[in-house]
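These are my notebook entries on one structure.

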Amino acid sequence: MKLVIAIIRPEKVSEVLVALYRAEVRGMTLTPVQGHGAESEQVETYRGTRVKMELHDKVRLEIGVSDHFVEPTVKAILAAAKTGEIGDGKIFVLPVENVYRIRTGERDQEAVTPVAATASDFE
Ligand SMILES: Nc1ncnc2c1ncn2[C@@H]1O[C@H](COP(=O)(O)OP(=O)(O)OP(=O)(O)O)[C@@H](O)[C@H]1O
Ligand SMILES: [Mg+2]
């Protein structure tokens, strides 16, 4: 299992979510963040204060996946989040030791895979 963390442009979120849905990727966490990329530092004066690093609004996506879902997940994000301009973001893939689904107590492979919806889900 892996945790795919993607830092993307806020305006690309909808496209990325559609691409992930099409890749059958379901569970995810989305957080607004601010960040700084690999751009070289320029010391500027901003309202009387010397600022070294400009921070940009980004969105952080966290997606826990089983190993065979890593490639489709990364491909979906790469394609949907790209503009080709600097600041498109980054994708990190981290190893995951365990995953637990709290409701059922399921663990790892069973817990990270989406549960097929059943009629009882809607009762
Ligand atoms: N090494 C990193 N570690 C953690 N977060 C990062 C790292 N690099 C980039 N980020 C996050 O990703 C966001 C977008 O980064 P960005 O796309 O500018 O990366 P870059 O390496 O500078 O590539 P580019 O040349 O396309 O701008 C940053 O604002 C930051 O939130
Ligand atoms: Mg950059």
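I sorted the residues of the shell around ligand 1 and found four nonpolar, five polar and four charged. In this sorting Ala, Val, Leu, Ile, Met, Phe, Trp, Tyr, Cys and Pro count as nonpolar, Asp, Glu, Lys and Arg as charged, and the others, Gly among them, as polar.

I noted that the model is predicted, that local features need pLDDT of at least 70 and side-chain atom pairs pLDDT 80 or more, and that totals for chains, interfaces and linings use all residues. Residues are numbered from 1 along each chain as its sequence is written, chains are lettered from A and ligands numbered from 1 in the order in which they are written, and side-chain values use heavy atoms, without hydrogens and water.

I listed 13 residues around ligand 1, the closest being G35, A38, G87, G89 and K90; a residue is near if one of its heavy atoms lies within 4 Å. Strand β6 gives the most to this shell, with three residues; strands (E, at least two residues) are DSSP runs, numbered from the N terminus.

I looked up the backbone next. A polar backbone atom of A38 is 2.7 Å from an oxygen atom of ligand 1, and one of H36 is 3.0 Å from an oxygen atom of the ligand.

I then traced the open sheet of four strands, which has the order β2-β5-β1-β6 with antiparallel pairing; strands pair if DSSP finds at least two bridges between them. Because β2 (29-35) and β6 (89-95) stand at the edges with a single partner strand each, one side of each is left without a neighbour in the sheet. I found seven bridges between β2 and β5 (residues 56-65).

Technical notes:
A polar contact is a pair of N or O atoms within 3.5 Å; within protein, one must be able to donate a hydrogen and the other to accept it, and residues adjacent in sequence count only if both atoms are side-chain atoms.
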